[in-house]
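Me: I'd like to learn how to read strands and salt bridges in a model. Could you walk me through one?

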Amino acid sequence: MKLLVTGGAGFIGSNYIRHVLDEYPDYHIINLDKLTYAGNLETLRDIESSDRYSFIKGDICDKNVLDNAEFDAIIHFAAESHVDRSILDATPFLQTNVLGTYNLLEIARQRDCTFLHVSTDEVYGSIEEGLFTEGSPLMPNSPYAASKASSDMLVRSYVETHKLKAMMTRCSNNYGPYQFPEKLIPLFIINALNGKPVPVYGDGMNVRDWIYVLDHNKAVDAVLHKGTPGEVYNIGSRNERPNIDIVKLLLEKVAAKLGRDKDEMLGLINYVEDRKGHDRRYAIDPSKIESRLGWKPETDFEAGISETIEWYLSNQEWWKRVISGEYMEYYKTQYGEDL
Ligand code: NAD
Ligand code: TDX
């Protein structure tokens, strides 16, 4: 099998590539990535010399970008992925997430290859009670979510119209190593390590459903190998937590690891203005993938968080390079202060 992975220099895609190369000794991976601010080849240093891996620097919006590449399936992770950035400027979200996905669908149609679209629970909007199932209506609230829902609709249309062998996954919030520091968990770990305030939006009671990145990728892999074309699969860990609980857990664990005073660390909590259109609660029902494909999450949340904190402690060079330059400008615009 030769897999074309898009966005493989990002957080989830890089973890997916590592997982596939470890799991399937006869698989080859081509990684197509534009290397935006979120893409980083240092994340792939340990595998770049593998003769089963190759890299194309390119844009998924470019019609000719894959002209010289051969592959059996496309696993599509590439996206603009941060909600706050989509509120500041949605343009790249529409370009990459909508037009880029359309371009890849066309390429997949011409080659008649399998297409696995990696989407998100955010397309369902916010839910007060109960869980999102695959049949829940799409009610995206942020420009990011709207761009992902649009891409989901395009995938659906290619299945119906062109009989493309496409499948779709919708996963909850991921955490783990190599996540870009703009997202809640790495941002708060790094600020805590640096003794900087951690900016909690609103009342801190928004709920997210957290999953360890490798569990997500094992589910993507199950869909690739055992999924039914045309189907959507929700992926989640049944692990709902209000943000403030996560923040306290992170700060307490960082304090313990650094031998610092817990109450002093908790003093870094800074309630700030809420995110515009902030979804109150995401909650995924993963019963379908569990019962039909035999997947289930394996990582205990507290253990996964401890490992993640340990990783950011031991890989300071990685994130110190990542948070320079463009990210510092973004941070100032978003939070009104220097990093
Ligand atoms: P990320 O921002 O860490 O990585 C995105 C990658 O895509 C980067 O390497 C970037 O360079 C690349 N990219 C962006 N635009 C591109 C373009 N036009 N052409 C080629 N490459 C481009 O994102 P992530 O958190 O790893 O998310 C990966 C996918 O998973 C996304 O589709 C996202 O919507 C989805 N998802 C993420 C989460 C989460 O919690 N992070 C949850 C559910 C679903
Ligand atoms: O500084 C912050 N303060 C804060 O309170 C940040 C960055 C976030 N938050 C809150 C907002 C959310 O309620 O924490 C929660 C998680 O925020 P993010 O890490 O930005 O994730 P979220 O907006 O939930 O979206 C994530 O999950 C779904 C990913 O970024 C998406 O790519 C994925 O589709």
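Me: How many bridges join strand S5 to S6, and do they run parallel or antiparallel?

Reply: First, some ground rules: this is a predicted model, where local features need pLDDT of at least 70, side-chain atom pairs count only at pLDDT 80 or more, and totals for chains, interfaces and linings use all residues. Residues are numbered from 1 along each chain as its sequence is written, chains are lettered from A and ligands numbered from 1 in the order in which they are written, and side-chain values use heavy atoms, with hydrogens and water left out. Helices (H or I, at least four residues) and strands (E, at least two) are DSSP runs numbered from the N terminus, and two strands pair if DSSP finds at least two bridges between them. Here 6 bridges join S5 (residues 114-120) to S6, and the two run parallel. Val118 stands opposite Thr169 in S6.

Me: Which strand do 4 bridges join to S6?

Reply: That is S10 (residues 232-235), which runs parallel to S6. In this pairing, Met168 stands opposite Val232.

Me: What kind of unit do S5, helix H4 and S6 make?

Reply: A crossover is right-handed if, with the strands pointing away from the viewer, the path from the first strand over the helix to the second runs clockwise. S5, H4 (residues 143-162) and S6 make a right-handed β-α-β unit.

Me: Why is strand S6 described as largely enclosed by the rest of the structure?

Reply: Buried means under 20% relative accessible area, exposed over 50%, and partly exposed in between (1.4 Å probe, protein chains only). Strand S6 (residues 166-171) is largely enclosed because 6 of its 6 residues are buried. Ala166, Met168 and Arg170 point one way, while Met167, Thr169 and Cys171 point the other.

Me: Now the charges: how many salt bridges does the count come to?

Reply: Side chains of opposite charge can pair when their charged atoms come close. The rule asks for a side-chain nitrogen of Lys or Arg within 4 Å of a carboxyl oxygen of Asp or Glu, and the count comes to 21.

Me: Which residue forms a salt bridge with Glu42?

Reply: Arg321 does, with the closest N and O atoms 2.8 Å apart. This pair links distant parts of the chain, 279 residues apart: Arg321 is in helix H11 (residues 316-322) and Glu42 in the loop between S2 and S3. Arg321 is partly exposed at 46% relative accessibility, and Glu42 is partly exposed at 26%.

Me: Where do Lys253 and Glu302 lie?

Reply: Their side chains meet in a salt bridge (3.7 Å, N to O). Lys253 lies in helix H7 (residues 243-258) and Glu302 in helix H10 (residues 301-314), so the pair ties together parts 49 residues apart in sequence.
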